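I opened the model to look up a few points of packing and pairing. My notes are below in the order in which I took them.

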Amino acid sequence: MSSVLTIAGYGLREALRRKVFAVVLLLTVAFLGLFWLANHFLFEHIDNVAPPAGIDARGFAGATIFGLAMFGTLFLGVVLAVFLTLGVVSGDAERGLLQPLIVRPVGRVTLLVARWLGAVAVCAPYVGLVYLGTMLITGLTGHWWPDNLVTPGVELAAGVAVVAALSLLGSVFLSSTANGIAIFMLFGAGLVAGLLGTIGHGLNSHQLERAAKIAAWLLPFEALYQDALRQLTAKTSGLTGFLLTLGPFGGGYTGGTAVRLWAVAYLLIVGTVAAIGFTRRDL
Amino acid sequence: MPAALAVRGLAKRYGAVEALAGVDLDVREGELVGLLGPNGAGKSTLVKIACGLVRASRGTAEICGVRADSREARRKMGYLAELFRFPGWYSADEVLELHQRLSESCGGERERTELLELVGLADARRRRVEEMSKGMQQRLGVAQALVGSPPLLLLDEPTSALDPVGRRTVRELLEELRSRGTSVLLNSHLLSEIELVCDRVAILLHGRLVAEGSPAELARSRGVEIETDGGTRLFEGTTREDAPRLVAELVAGGRKVYGVRVLTSTLEETYLEAVGGESS
């Protein structure tokens, strides 16, 4: 256990020292500034918003713009998670940082778990803070609050933790550059899955909707994001509730306890494959 | 008492390339063994298998009687990689502290102070790695390998980035370690260094052990050269013990003898002979 904490602390310290963290913080401030500006203009002229019949304009505007913030938060969290983990095995081995650690009486699996925990210890609070910041901006500017305040933020953080695990897995087999590209392509695939669901719904194509659902389950960070969107209007029922869950890059078509349990199982599977690959790898 | 490092029939294949083809080697307690060979001979692969970075295709490697890639074995050895780096934002003291925690060393600050003094970095204790010269980082690497006082040290080119003074520091350190009973497997291209400090030398070529012995055993006699009034003559195949007899014979034959030199081949010559002039 002390080895896990030592390595996790090492990873945490590395994360906070890296320039990418400062860059992400700067981008976050810019994002929050722009988001406040958008909220300010949107709610100042809320009368200009024309929601579908029977839906409250403020609720419609609030859920939509906060859905955008959820995507922005997920994206920034993913950027941070990927840059903190993309070179943990191959990259660090190429640079000679890994070997002095690996030859200590610390198992390779311990090292992987600890590095994942270190990344999550940075990314999860970051995602939580950005989520809280955007929620406060929309809440205080537009007087609209999500039905469920905490769960969506937790699910976004969990989605980022899944991406961090995938990135660690990739780092076992791929160089840093190849891994970074692969993980962002996976993230893009999740985005496409969400859009596919929206298109399927618009065309009334159950096949497309099914394909989108399968893709979201294959990439559970997307399913968690969709479930987080659903949680925004969890207490609003019927068509109103459904329309409000439509995020800017795909709606909340997938969700529920099964998705959350699957995300945990997925983490275990990804972790197991990474552990086997790392144990068998020559350095 | 098991050997500090015992390697039996060790083989490693990387695809079609055979890096090691069945090597037997022992490093006994308190022994300093030098590993020589051209680039690609399998030296680093052997060291990496011994410290668990690379999996052997065949054969066994044991450290103090336990399987080389086990946690127990890792508690008994220190390793300095040929290419290594420490995070630039760590100070020398923090690097050692991190490795103390990972190796479960109870040495605390006293051990860190001793190690930094041993490698001549006592004044750079708080200096960040990124502010250190390559040679200082290399010496810090040696100190890191010594954390926890392991009975076996595996050093892969420990002096490659050092200037002559730094090399001398490491050489003195190795002699100090030997006096403490620490076993060392030293992988180096510097033959003079190996010749000066090692008890035994093993030469690898194409993944096979082609010569092994003490530097004195490997440095064979090349004959006796005698300078007389008739010129200089080389008596090939003779040794130091033959010199008085040869001089006596020449004097009896009416020659005036002005000088006698016993010629021995250096480790370098033995090495070049063993590897057939290969460099990579």
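The entries cover the contact between the chains, a helix pair and a sheet.

**Ground rules.** I am working from a predicted model, in which local features need pLDDT of at least 70, side-chain atom pairs count only at pLDDT 80 or more, and totals for chains, interfaces and linings use all residues. Residues are numbered from 1 along each chain as its sequence is written, and chains are lettered from A and ligands numbered from 1 in the order in which they are written.

**Chain contact.** I counted two residues as in contact if their C-beta atoms, placed from the backbone, lie within 7 Å. On that basis chain A puts 20 residues into the contact and chain B 22 residues. I took helices (H or I, at least four residues) and strands (E, at least two) as DSSP runs, numbered from the N terminus. On the side of chain B that touches chain A, α2 (71–75) and α3 (92–102) of chain B are the elements giving two or more residues. α3(B) gives the most, with 4 residues. I sorted this side of chain B by class and got 11 nonpolar, 4 polar and 7 charged residues. Here Ala, Val, Leu, Ile, Met, Phe, Trp, Tyr, Cys and Pro count as nonpolar, Asp, Glu, Lys and Arg as charged, and the others, Gly among them, as polar.

**Helix pair in chain A.** I looked up α7 (residues 151–173) and α8 (residues 176–203) of chain A, which pack at an angle of about 145° with axes 9 Å apart. Axes are lines fitted to C-alpha atoms, for helices over the stretch in contact, and angles run from 0 to 180 degrees between N-to-C directions. Residues in this contact include A:V163 and A:L166 of α7(A) and A:I183 and A:F187 of α8(A). By class I found 6 nonpolar, 4 polar and no charged residues.

I then checked burial: 20 of the 23 residues of α7(A) are buried (20 or more other C-beta atoms within 10 Å of the residue's own, C-beta atoms placed from the backbone), so α7(A) is largely enclosed by the rest of the structure.

**Sheet in chain B.** I traced an open sheet of 6 strands with mixed pairing, in the order β6-β7-β8-β3-β9-β10; two strands pair if DSSP finds at least two bridges between them. β6 (77–80) and β10 (208–213) of chain B are the edge strands, each pairing on one side only. Neighbouring strands are turned by 15° against each other on average, direction ignored. Strands β3 (residues 32–36) and β8 (residues 183–187) of chain B pair in the parallel sense over 4 bridges. I noted B:N187 in β8(B) as the bridge partner of B:L35. Last, helix α10 (residues 267–275) of chain B lies across β3, β9 (200–205) and β10 of chain B, at about 30° to β9(B).

Terms used
Buried ≥ 20, exposed ≤ 12 C-beta atoms within 10 Å, placed from the backbone.
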